Amino acid sequence: MHRDTNPTILITGGAGFIGSHLATELLQHGYGVRILDNLTPRVHGPERHRPGHLDRRAEVVVGDVRDPHRLREALDGADAVIHLAAVVGERSSMYRLEKYMSVNTSGTAVLLEALLDHPIERLIVASSSAVYGEGLYCSYNGTTYPKIRRSPDRTARGDWEPRSPEGEVIYPLPTPETKEPSPLSVYAISKYDQEEMCGLIGESYGIPTTVLRLFSVYGPHQGYTSPYSGMLTEYASRLLQGLPVRLFEDGYQQRDFVSVYDAVRAFRLALESPAAIGGTFNIGSGRPCTFRTVADLLAAITGRQHLTPEILGIGRIGDIRHRFADIGRAREVLGYEPEVTIEAGLLDLVAWVEAEIAGRRKVPAPIKALGSSRLRV
Ligand SMILES: NC(=O)c1ccc[n+]([C@@H]2O[C@H](COP(=O)([O-])OP(=O)(O)OC[C@H]3O[C@@H](n4cnc5c(N)ncnc54)[C@H](O)[C@@H]3O)[C@@H](O)[C@H]2O)c1
């Protein structure tokens, strides 16, 4: 991006969890921010109000990314686009196929068509680590397995760890961008569609494009129901109410929890780095962390160490076992370095959840009753 003037960045889906933090990050660094968001009730509640925590300086255009007229209006005067608008979550995508493909895939197609008549300096698309399916694994002799799926028969018996086709236990490795995508949900397919379409159209029409594959982003203003790290918000609120955390499987699943403050900095770095053009980058903390570890940390932070986690011993269809990022490429090309430790990030999250509970006097939703898709051991 040329920074001679104050470029205006259009953030689609900018009123959501990541978008609202991104707006603050960009405004603090001298950018103008416009948001196109339909304030979808699942995220914003039935009143569909502009979120109170969204920086007042951000201009909000209420509209659907699939509406070409609204989109063109929002694009007027924009120098770059960060595309976040999406229906988020893997599980519900398996029965709400049309919704996911419509908003995520068709919405991106409508955006790209609009960009053909509206040249911009940069397009950055928020993709997801979900495109990988399971992370990368290797056997003890170094053979790697980029396309592993767990057998439902095995997980039903509580045999949680993925195995090679020969049945031997294999071990998770940091997942690099070169791992072949292996989407295991309609959501993941739609995110991969977004990547592929933006890459192809970007290259064909000279739109400088970058893809960020976000891992599990967490932080204040993330709803309990967020399919990524909303469980951290939920764990914190359960503990604060004197209830134990409940963990699926045996709780030793590994994820890459990345603070939203680090994630939004990565977007800004991608916007500002000419070397990012045409690239795909993992954005995570680069450190694997089990659900048990985050539950223990949250128990310590909230002073509820006596509440030992309830291990449900239940696997859910479609859940992956381990996935965490190799962030070497983002480090090298974007100069991205995670700054928020998991301890500091969880402290911040707990402070926010405490304030929310105190302010709203509302008991957060319990873990949803498991549907017929669950597997019992
Ligand atoms: N949160 C994570 O950990 C994570 C991880 C990987 C990828 N991502 C991606 O990052 C992006 C933002 O995620 P988030 O966690 O902030 O989600 P979010 O649900 O909090 O925000 C999404 C925003 O998009 C808006 N939106 C939905 N449909 C729209 C439409 N048709 N038109 C206009 N706006 C629409 C919603 O109102 C909401 O404000 C998404 O593209 C998601 O796939 C998030």
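Here is a walk through the fold, from the whole chain down to a few single residues.

First, the ground rules. What you have is a predicted model, where local features need pLDDT of at least 70, side-chain atom pairs count only at pLDDT 80 or more, and totals for chains, interfaces and linings use all residues. Residues are numbered from 1 along each chain as its sequence is written.

Start with the overall picture. The chain holds 11 helices and 18 strands, where helices (H or I, at least four residues) and strands (E, at least two) are DSSP runs numbered from the N terminus. Its radius of gyration is 20 Å, close to the 21 Å from the globule rule for 377 residues, so the chain is as compact as a globular protein of that length. That radius is taken over C-alpha atoms, and the rule is 2.2 Å times the number of residues to the power 0.38. Along the principal axes, the C-alpha atoms fill a box of roughly 55 × 50 × 40 Å. Buried residues make up 46% of the 377; buried means 20 or more other C-beta atoms within 10 Å of the residue's own, exposed means 12 or fewer, partly exposed is in between, and C-beta atoms are placed from the backbone. As for contacts with a separation of 6 or more, 83% of them link residues 24 or more positions apart. A contact here means that the two C-beta atoms, placed from the backbone, lie within 7 Å.

Now for the sheets. Seven strands make an open, parallel sheet in the order β3-β2-β1-β4-β5-β9-β14, with pairing defined as at least two DSSP bridges between two strands. At its edges stand β3 (59-62) and β14 (280-283), each with a single partner strand, so one side of each has no neighbour in the sheet. From one strand to the next, the twist averages 20 degrees. Look at β5 (residues 122-128) and β9 (residues 209-214): they pair in the parallel sense over 6 bridges, and Ala 126 has Leu 212 in β9 as its bridge partner. Helix α8 packs on this sheet, touching β4, β5, β9 and β14, and its direction makes about 165 degrees with that of β9. Axes are lines fitted to C-alpha atoms, for helices over the stretch in contact, with angles running from 0 to 180 degrees between N-to-C directions. Elsewhere in the sheet, β1 and β2 run parallel, joined by 5 bridges, and Leu 10 is partnered with Arg 34 in β2. Strand β2 is mostly covered, with 5 of its 6 residues buried.

There is also an open sheet of 3 strands, ordered β7-β6-β8 with antiparallel pairing. Its edge strands are β7 (144-145) and β8 (171-173). Strand β6 (residues 136-138) pairs with β8 over 3 bridges, and Tyr 137 stands opposite Pro 172.

What about the interior? In soluble globular proteins, nonpolar side chains tend to be buried together. A nonpolar core is a set of buried Ala, Val, Leu, Ile, Met, Phe, Trp, Tyr and Cys residues joined through C-beta atoms within 7 Å. The largest one has 91 residues, of which Leu 212, Ala 266 and Ala 270 touch the most other members. Helix α8 supplies the largest share, 8 residues. Beyond four places in sequence, Ala 270 touches Ile 124, Thr 210, Leu 212, Ala 276, Phe 281 and Leu 334. A second, separate core of 5 residues includes Leu 136, Tyr 145, Ile 148 and Ile 170.

Helix α1 is worth a stop. Its 12 residues (17-28) should span 16 Å at 1.5 Å a residue, and the end C-alpha atoms are 17 Å apart, which agrees; the expected span is 1.5 Å times one less than the number of residues. Among its buried residues are Phe 17, Ile 18 and Leu 26, and what covers the buried ones includes β1 (8-12), β2 (32-37) and α8 (260-272). After α1 comes Gly 30, with a positive phi near 90 degrees.

Most residues other than glycine have a negative phi. Arg 48, however, has a positive phi of about 55 degrees; this residue sits in the loop between α2 (41-44) and β3 and is partly exposed, with 14 other C-beta atoms within 10 Å. Glu 249 also has a positive phi, near 50 degrees, in the loop between β11 (246-247) and β12 (254-255), but Glu 249 is buried, with 21 other C-beta atoms within 10 Å.
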